[in-house]
Amino acid sequence: MATSELSCEVSEENCERREAFWAEWKDLTLSTRPEEGCSLHEEDTRRHETYHQQGQCQALVQRSPWLVMRMGILGRGLQEYQLPYQRVLPLPIFTPAKMGATKEEREDTPIQLQELLALETALGGQCVDRQEVAEITKQLPPVVPVSKPGALRRSLSRSMSQEAQRG
């Protein structure tokens, strides 16, 4: 799979206010992938020959610092997605504790991670609304076999006309 990437870099400096800004992001990614459902395979056992051909497509992903992502297949149009907001400076999930530090000196676990751990322990890896397959199939209406496909359509149309006459 061949991939090409285009990255962008923006930098700005204000010497009077002693401010500087610098940003870099991967803007465009173009990759060649095998196309699903587009392959050809021929085999001639008498001549001991085989031929295989796989179709390819170019996938395009475009990102921007305004949290907009466009994805699609080249030549077929792109689908645009608005990504959820996230902080500019990401919160580190794990920072190693200082070796030999006491419990009081260590940093607290981030709140987001505490909530996630509490949810995992509460669920215990089980689905709360889990049902057995037999219970689900009991709730479904019985399956009625149809001998002729047209018979069902005629009976429905007759009942619909009878309903219309009754008003």
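P84 is exposed, with a relative accessible area of 65%, where exposed means over 50%, buried under 20% and partly exposed in between (1.4 Å probe, protein chains only). The model is predicted: local features need pLDDT of at least 70, side-chain atom pairs count only at pLDDT 80 or more, and totals for chains, interfaces and linings use all residues. Residues are numbered from 1 along each chain as its sequence is written, and side-chain values use heavy atoms, with hydrogens and water left out.

- P84 lies in the loop between β5 and α1 (111-123); helices (H or I, at least four residues) and strands (E, at least two) are DSSP runs, numbered from the N terminus.
- The C-alpha atoms of P84 and V68 are separated by 9.2 Å, and the two residues are 16 residues apart along the chain.

**The sheet**

- An open sheet is formed by five strands in the order β1-β2-β3-β4-β5, with antiparallel pairing; two strands pair if DSSP finds at least two bridges between them.
- At the edges stand β1 (3-14) and β5 (78-82), each of which pairs on one side only.
- Strand β3 (residues 49-63) is joined to strand β4 (residues 68-73) by five bridges in the antiparallel sense.
- L60 stands opposite G72 in β4.

**Confidence**

- The average pLDDT of the protein is 76, and 68% of the residues score at least 70; pLDDT is the predictor's confidence in each residue, from 0 to 100.
- Among the elements of the protein, β4 has the highest mean pLDDT (89), whereas helix α3 (residues 149-166) has the lowest (53).
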